[in-house]
Amino acid sequence: MTSEPEGRASYDAAAAQQRWQEFWAKDDTFAPRDDGRRERRYVLDMFPYPSGDLHMGHAEAFVMGDIIARYWRLKGYDVMHPIGWDSFGLPAENAAIARNAHPAEWTYANIETQARSFRRYGLSLDWTRRLHTSDPEYYRWTQWLFLRFYEKGLAYRRASYVNWCPVDQTVLANEQVVQGACERCGATVTKRKLTQWYFKITDYAQRLLDDMSQLEGKWPDRVLAMQRNWIGRSDGAYVDFRIEGRDEPVTVFTTRPDTLFGATFFVVAPDAELASELVDDEHREEFEAYLARVKQTSEIERQSTEREKTGVFLGRYATNPVNGERLPVWAADYVLSEYGTGAIMAVPAHDQRDLDFALTFGLPVRVVIETGLPDPGSSGAATPGDGTYVNSGPLDGLPDTSAGIAAICAQLEADGLGRAAVTYRLRDWLLSRQRFWGCPIPIIHCPACGEVPVPDEQLPVELPDLRGAALAPKGVSPLAAAEDWVNVACPHCGGPAKRDADTMDTFVDSSWYFFRYCSPGYTEGPFDPADVARWMPVAQYVGGVEHAILHLLYSRFFTKVLHDLGMVDFTEPFSRLLNQGQVINQGKAMSKSLNNGVDLGEQIDRFGVDAVRTTVVFAGPPEDDIDWADVSPASTLRFLQRAYRLATEVTSAFGADPATGDLALRRQTHKTIHGVTEALESGRFNVEVARDMELVNATRKAIDSGCGPADPAVREAVEALAVMLSVVAPYVAEEMWALLGHAPSVANSTWPEADPALLVSESTTMVVQVQGKVRAKIEIPTTLSEDDAVALALADPGVVRALDGRAVRQVIARLPKLVSIVPEK
Ligand code: ANZ
Ligand code: ZN
């Protein structure tokens, strides 16, 4: 398309944005009615963090949710599409330290900036439900929920080695350690032994797996796969080993109990209590030195198969329960303290990690499964697969692994030496943080009574007013140093006690916010169960794949606990999930160092909100990444201007009957409605834009060289366009709607319906047979009458030749596809 001719009407994006933002705000256009007259649907965008102004990533994520919300509203659903902020967290605290301010100042200023930008971006949000997790009236309920978890034994404290970020001076969950580094600041993470709070999510491991059946086909497959891997169910057995000189047996977890006869040594995690307990005096010094090194090593490194194996002999022996063999006990860091039981039987012939270790330290390798592959001891390659049992006592001769496992488990069980078992990779959720800007943990530590929950009626435990240097990281929570705040009377005995000075991981705040949206002002609980029952589960959740694991897993866990508390009657919070792609530039993620950032505000200033939104949507399916170097907001803007101009040209009267209009254009209009509806239903939002473009072109042609602007078919086309476009480009659509004579707003109109009669294709190929042989193929209008069709067939030269002067005895017409002619003999 060429550029716009001078002097034609065009829409003023900035003025339209101003006008309609004001209208939508005043009219509360996007607040749900909640009157039960329409089916309810809850559309949720992932919780924004107030890090700064909106960026291109937000532009993509939020337009996808907005399309769904607007489309459903037009389809007649009562849509709830709320907004709020996940407003606790470290960046605010670090900014506050740097500026000698309170984290709230930075946080709430950023929220205001983002809120303005969300409004400008034309999102159909319900602002009446707005919440912030750092508001005391919100975190009161985060604390209340914590206490319910605590009462159920699902929140508990224990000492263990935890990931420690030396820069942020706080513990990190395993999930927040990325390749051995702190997810936030990049510092190398080390281990510290600390007493921390955990949520017992492991109690829900199996349900988190099982309930995924509800999400199959509704969540992206890759997200389900990531959840499944993270939970990591492993089927195997526990086997008890005697350790010489120790009364208690030590249990190992193995997925291959059938290789028990091939165990040649025994390994415990160096950082497990057991290792320090087992090591004899002769090896203690060496062991302590090794343990110190292990603590500097991240769990990811420890699991790397590339790394050379390290370890220390502990001077002790275990006894193989099935054959009484003496197995040397080692400590080695490839065994993790927090998985299984923290101890293993090593079967080097059939486990690569064990083989690498055996070859490094000269330990024996014994094959107990003959696989036909080269001997592991000499090849260096373990043979983990199926084969024939050898050297395995009662297992010898069994046909396969599952028979072997069943047999050995039965025997172990009969002898009281083991049992079939399931373990999970999933660990309990470490939720305490030694930082200020988070939700305080509502527990009081009393020297006499121990842990005492803060009584419900004393919630919220509000943060004290600390700012600037008082927040600087010092290894313990800044709250611990706030004397006035931390020292309290024990609610139980009245004696001097101290508040728990840690705050909660912000993932706790965001694990239940979607419930609060259903009744944001509720004061009797975190939410009104009746409101939640009406609106939830969320019909459509939209957000980035970076939340594929933790946020979703934690939200699913919270939902199940709320279910068990009798507060909700469903077990999965999000019925459908859409992961939008990312916006990149010149093939790479946008970054300061590459200087390839695209500023959303600047794009909007240049092209207007509608053009930016439409460009994002048109670039490809929502799941795909968009390279901003490959798209053209300028040409998108020209398309929107062409659409707008159509609305300025319609001259037929408001309400003119389209049935009297141009048939070809009507067909195009209804084909477009049909195609766009299908595209939106199947999440191919880019296709809607392409179809709308075709209809704009067809309407243009109809006005310029066809039926002209007064034809009611033109009005019908432009009205349909305005409604359809409104989900993507709401401002220009509102302008068009007004130009067409409608009262505001197009958001309150209804989605157009395609007339099936206008969807049949306009022409088709009719086959003409003479005596069963095809003699002609004729292009005919699908609506051609039978008489006309038969006349056309009989006049066709090929048919005339085939008849060769014979009279016609019979004509069978199956229109519009076939006319079959039977001549006289
Ligand atoms: C003996 C054996 C023989 C094993 C064999 C495997 C193959 P997944 O599948 O990941 O659950 N293991 C158990 N606890 C461990 C820990 N704390 N740290 C490191 N490794 C541990 O892995 C289970 C297998 O990993 C277990 O089965 C154990 O090695 C090892 F031919 O036991 B196996
Ligand atoms: Zn007390």
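**Notebook: charged pairs and cysteines**

I began with Arg 307, which is partly exposed at a relative accessible area of 26% (buried means under 20%, exposed over 50%, partly exposed in between; 1.4 Å probe, protein chains only). This is a predicted model, where local features need pLDDT of at least 70, side-chain atom pairs count only at pLDDT 80 or more, and totals for chains, interfaces and linings use all residues. Residues are numbered from 1 along each chain as its sequence is written, and side-chain values use heavy atoms, with hydrogens and water left out.

I found Arg 307 in a salt bridge with Asp 333, closest N and O atoms 3.0 Å apart (a side-chain nitrogen of Lys or Arg within 4 Å of a carboxyl oxygen of Asp or Glu). Asp 333 is buried, at 3%.

I then looked at Asp 505 and Arg 433, whose closest N and O atoms are 3.3 Å apart in their salt bridge. Asp 505 is buried at 2%, and Arg 433 is buried at 8%.

Next I checked Arg 534, which pairs with Asp 34 at 2.8 Å between the closest N and O atoms. Arg 534 is partly exposed at 32%, as is Asp 34 at 23%. I also noted a salt-bridge network linking Asp 34, Arg 40, Asp 531 and Arg 534. My search of the whole structure gave 40 salt bridges.

How many disulfides are there in the whole structure? I found zero (the cut-off is a pair of cysteine sulfur atoms within 2.5 Å). The sulfur of Cys 185 has its closest cysteine sulfur in Cys 165, 3.5 Å away, too far for a bond. Cys 185 is partly exposed at 35%.

Definitions and conventions:
Chains are lettered from A and ligands numbered from 1 in the order in which they are written.
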